[in-house]
Protein chains: 2
Amino acid sequence: MYFSKSFIPILKNNPTEAKIKSHQLMLRTGMIKQSSAGIYSWLPLGFKVMKKIEQIVREEQNNVGVQEILMPTIQSSDIWKESGRYEDYGEEMLRIKDRQNREMLYGPTNEELVTEIFRTSIKSYKSLPQLLYHIQWKFRDELRPRFGIMRCREFYMKDAYSFDISDDEAIYSYNKFFLSYLNTFKRMELSAIPMAADTGPIGGNLSHEFVILADTGESKIYTDKRIFEVDSTKTNIEKNSLSKLRTDFEKYYSVTDEKFNKNEFEKNVPDEFRLQTKGIEVGHIFYFGDKYSKPMNASVDYNGKKEFVKMGSYGIGVSRLVGAIIEAKYDDKNEIMKWPMSVSPYDCAILPIVNKNDNSNLEKATNIYNNLKNKNIDVLIDDTEENLSSKVKKFNLLGIPFQIIIGKNFSEQKIEFKEIDKKPEFISLEEIIKKIKNKSN
Amino acid sequence: MYFSKSFIPILKNNPTEAKIKSHQLMLRTGMIKQSSAGIYSWLPLGFKVMKKIEQIVREEQNNVGVQEILMPTIQSSDIWKESGRYEDYGEEMLRIKDRQNREMLYGPTNEELVTEIFRTSIKSYKSLPQLLYHIQWKFRDELRPRFGIMRCREFYMKDAYSFDISDDEAIYSYNKFFLSYLNTFKRMELSAIPMAADTGPIGGNLSHEFVILADTGESKIYTDKRIFEVDSTKTNIEKNSLSKLRTDFEKYYSVTDEKFNKNEFEKNVPDEFRLQTKGIEVGHIFYFGDKYSKPMNASVDYNGKKEFVKMGSYGIGVSRLVGAIIEAKYDDKNEIMKWPMSVSPYDCAILPIVNKNDNSNLEKATNIYNNLKNKNIDVLIDDTEENLSSKVKKFNLLGIPFQIIIGKNFSEQKIEFKEIDKKPEFISLEEIIKKIKNKSN
């Protein structure tokens with residue numbers, strides 16, 4: 001893609017309305033554009049990042065055997081009255097009357113609707129477990145939307161639901177998601193800690209938040225540093241292996257502030273391992289048994305007996321992750337963003353010095369661009385006439401991990417190439433390709 | 001995927017509420033489930049088909065240089081007041097008040113919002129053309145939603161928008177979409193005819209509907225049969241080549257009923273080439289100049305002069321296409337659906353005869369299943385204890401193009417294999433793989 005033809009509307013300065021770095025950077029680099037309070041459009045750069053995140057989330061759901069469906073955004077109020085949450089939910093629920101005056105709503109979450117789908121489709125315990133997920137827009141009418149897409153009103157979320165015959169089986173399902181979440185965030189180069197958490201309006205008695213450390217986080221967290229060393233790479237999706245993984249994590253104290261207890265923290269965590277900091281919630285899993293299946297009468301036949309299914313639900317904030325990755329990765333001091341390769345909008349940038357009367361550098365750049373394209377490397381080439389230092393400054397914000405610079409002293413065998421936060425090297429195109437490909441795998 | 005573990009809730013009989021074959025088949029094979037009037041959930045089988053259609057649509061947009069963005073579903077009424085369509089749109093627009101009592105709406109289309117994004121982002125004619133698309137849920141509050149996902153309220157649509165400096169350039173953009181639509185539908189094995197059409201509430205003076213022939217279609221169409229022979233394979237996205245393609249099509253009379261004129265039809269189409277039939281609209285493209293850019297003040301600087309941009313818009317009904325393909329491909333008489341390979345939910349089905357006391361056939365089936373999986377062939381294996389004839393009947397409805405049948409006389413070298421609407425052959429696994437792969441390309 002040529003920068004001059006792309007739709008990447010860069011702002012010259014940080015927008016004053018943005019208070020945190022992800023919001024600033026996303027507006028400044030034209031990743032998003034606000035359309036109303038707490039509602040954003042995703043422009044090509046932001047959209048590409050979000051799509052890559054979505055795809056990682058999808059693959060890791062599929063990897064633990066969850067099936068993808070898609071529920072609509074607009075729901076009938078009837079099922080929420082059945083579960084008893086229609087009144088409870090308060091003003092955060094966007095309530096709508098259609099032209100026939102029916103009470104509808106924009107789904108803030110989907111426990112009710114998926115339970116309705118389940119109860120009319122599955123009759124026998126032999127069809128259990130059922131693990132279903134969807135990735136769909138949700139709406140929560142926040143009183144004070146803020147921090148850009150981190151606390152907005154219309155947001156993109158993966159939510160999954162599990163249906164099992166017993167508590168024991170349900171915990172097995174829960175643990176599958178536990179593992180899949182660790183794998184998901186790892187692929188985005190985030191270290192997300194699972195923390196014992198309150199269940200809040202979803203209900204139930206078992207819940208973990210997955211939190212990444214960031215100064216701008218809204219959650220206070222208290223943890224034992226040794227939790228970062230827990231190894232999940234040898235876990236497979238067998239019952240015992242998953243159960244061991246949970247135990248390995250739960251050895252270490254790790255809670256959000258609703259669950260915080262000073263005495264316990266100090267009793268369980270030796271001084272040198274105590275960590276009190278802030279974090280961003282990027283995932284949340286819940287086990288709530290028959291909280292919805294009972295009032296909504298979602299049961300299966302179990303050898304002639306009617307058995308309410310045991311359910312859990314499992315969320316990942318897909319759009320929020322775009323901001324969370326920026327909060328975790330953006331180097332504010334040096335004004336350098338570096339996207340993890342797995343979610344970067346492009347693999348490599350080419351920055352030629354282009355003069356009005358001399359486009360030889362642009363030709364060289366185009367040559368390299370075509371070569372990289374043939375190797376399936378996705379490249380953004382800055383064909384504008386800006387001077388090099390302002391191009392570099394701009395691309396340091398765009399965050400594409402690799403840069404090729406084509407200036408006065410260009411040489412085929414010693415091309416100026418740098419990882420965005422490192423020193424330049426002077427190497428051949430072949431070596432450049434090797435380096436980029438290495439990072440991609 | 002094993003059928004017993006899948007979430008494919010099959011109905012024994014055709015649901016009585018469904019009046020057309022796509023609606024019947026989609027409910028019967030568990031592709032969708034209605035959640036409210038005109039609002040559906042997509043279950044795994046239907047979801048897989050829709051996602052494949054979406055991906056084809058996406059690739060063919062990218063192929064003509066359109067950039068993907070994503071606008072939100074909920075819009076502010078302000079921009080619709082600017083364009084003057086807020087009152088015009090009537091009750092089909094789902095109007096919403098948020099908790100702050102602001103007038104919002106669920107976007108039925110996006111001319112206003114994309115114009116708003118454009119006008120604050122692009123300042124100079126040098127950044128033109130800009131071609132943007134998104135694939136997003138829309139809502140139209142139909143008075144009488146019917147025919148399942150063919151005329152529903154919440155639907156999935158690709159809509160694209162072009163911004164140009166002059167009529168001439170804008171027609172060039174229009175023609176790019178014209179070609180990309182032909183390519184899109186061809187990849188789904190649909191022959192869609194471009195027909196001169198009315199512009200309706202979108203406005204403008206140039207418009208084509210892309211219509212596929214189907215008895216159950218809601219559009220009456222009048223066309224010259226020779227239009228099916230027009231060759232677009234040699235067209236490239238240069239101006240002249242595209243312009244010639246338009247001319248080649250427009251030689252033949254081809255209109256929907258709003259534009260129908262009996263005299264012209266009879267004058268221009270020799271008797272033997274006249275075709276009056278029904279069709280389903282699957283795409284619609286519009287050119288409307290400055291209809292939105294003028295009232296909304298979307299202009300660029302053109303050598304010191306302010307110039308309103310010339311716009312067009314381009315829609316494809318992604319969710320509707322699932323139904324349209326069924327209408328075009330389902331053989332009602334023999335109760336056989338055959339998905340085009342490019343959008344089929346699975347590539348191949350394996351139907352073993354499974355008895356309570358003998359699972360040797362299931363083992364053989366699993367072997368073949370693993371072999372095919374290793375070749376990246378996506379397989380659904382029916383591991384239930386239903387008898388073979390009811391399995392075949394069921395899979396004829398599911399529409400997976402290839403079936404492997406494993407019964408009493410199974411032989412490694414002569415496996416029973418059939419294309420769903422053809423006679424069985426007895427061939428080796430190697431030959432089966434070759435046949436499936438051939439069809440996939």
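Modeller: Let us begin with A:Glu335, which is exposed, having 12 other C-beta atoms within 10 Å. Please keep in mind throughout that this is a predicted model.

Biologist: Why is A:Glu335 called exposed?

Modeller: The label exposed is given when 12 or fewer other C-beta atoms lie within 10 Å, and A:Glu335 has 12 of them, so A:Glu335 counts as exposed. This residue lies in the loop between helix H9 (318-329) and strand S17 (348-352) of chain A, and its phi is near 50 degrees, a positive value in a residue other than glycine.

Biologist: How do you know that B:Asn376 is exposed?

Modeller: The reasoning runs in the same way: B:Asn376 has 9 C-beta neighbours inside 10 Å, and the cut-off is 12 or fewer, so B:Asn376 counts as exposed. B:Asn376 is placed in the loop between helix H10 (360-374) and strand S18 (379-381) of chain B, and its phi, near 60 degrees, is a positive value in a residue other than glycine.

Biologist: What makes A:Val309 buried?

Modeller: A residue needs 20 or more other C-beta atoms within 10 Å to be called buried, and A:Val309 has 28, so the label buried applies. A:Val309 is found in the loop between strand S15 (305-308) and strand S16 (310-317) of chain A. Leaving out residues up to four places away in sequence, A:Val309 touches A:Phe163, A:Asp164, A:Ile165, A:Ser293, A:Ala298, A:Ser299 and A:Val300. The C-alpha atoms of A:Val309 and A:Ala170 are 9.1 Å apart in space, while the two residues are 139 residues apart in sequence.

Biologist: Which residues have the most contacts inside the largest nonpolar core?

Modeller: That core has 252 residues, and those with the most contacts inside it are A:Ile350 and B:Ile350. If we set aside neighbours within four places in sequence, B:Ile350 is in contact with B:Ala365, B:Ile368, B:Tyr369, B:Val379, B:Ile381, B:Asp382, B:Ile404 and B:Ile406.

Biologist: Why are S18 and S21 of chain A called edge strands?

Modeller: They belong to an open sheet of five strands in chain A, with the order S18-S17-S19-S20-S21 and mixed pairing. Strand S18 (379-381) and strand S21 (425-427) each have a single partner strand, so one side of each is left without a neighbour in the sheet. From one strand to the next, the twist of this sheet averages 30 degrees.

Biologist: How do you know that S20 and S21 of chain A are paired?

Modeller: Pairing calls for at least two bridges, and strand S20 (residues 415-419) of chain A is joined to S21(A) by three, so these antiparallel strands count as a pair. In one of these strands, S21(A), A:Ile427 is the bridge partner of A:Ile415.

Biologist: Which helices lie across S17 and S19 of chain A?

Modeller: Helix H10 (residues 360-374) of chain A lies across S17, S18 and strand S19 (402-406), running at about 165 degrees to S17(A). Helix H11 (residues 388-398) of chain A lies across S17 and S19, and its angle to S17(A) is also about 165 degrees.

Biologist: What makes S5 and S6 of chain A a pair?

Modeller: S5(A) and strand S6 (residues 103-106) pair in the antiparallel sense over four bridges, and at least two are needed, so the pairing holds. Within this pair, A:Leu94 stands opposite A:Tyr106 in S6(A). Both strands belong to an open sheet of three strands in chain A, with the order S4-S6-S5 and antiparallel pairing.

Biologist: Which peptide bonds are cis?

Modeller: The bond from A:Leu128 to A:Pro129 is cis, with omega near -5 degrees, and the bond from B:Leu128 to B:Pro129 is cis as well, with omega near -5 degrees. A:Pro129 lies in the loop between helix H5 (111-121) and strand S7 (130-139) of chain A, and B:Pro129 lies in the loop between H5 and S7 of chain B.

Biologist: How many residues does each chain give to the contact between them?

Modeller: The contact takes 37 residues from chain B and 37 residues from chain A. By class, the side of chain B that touches chain A has 21 nonpolar, nine polar and seven charged residues.

Conventions. Residues numbered from 1 in each chain as written. Chains lettered and ligands numbered in written order. Predicted model: local features only at pLDDT ≥ 70, side-chain atom pairs only at ≥ 80, totals over all residues. Core = buried A, V, L, I, M, F, W, Y, C linked by C-beta atoms within 7 Å. Contact = placed C-beta atoms within 7 Å. Nonpolar A, V, L, I, M, F, W, Y, C, P; charged D, E, K, R; others polar. Axes fitted to C-alpha atoms, helices over the stretch in contact; angles between N-to-C directions.
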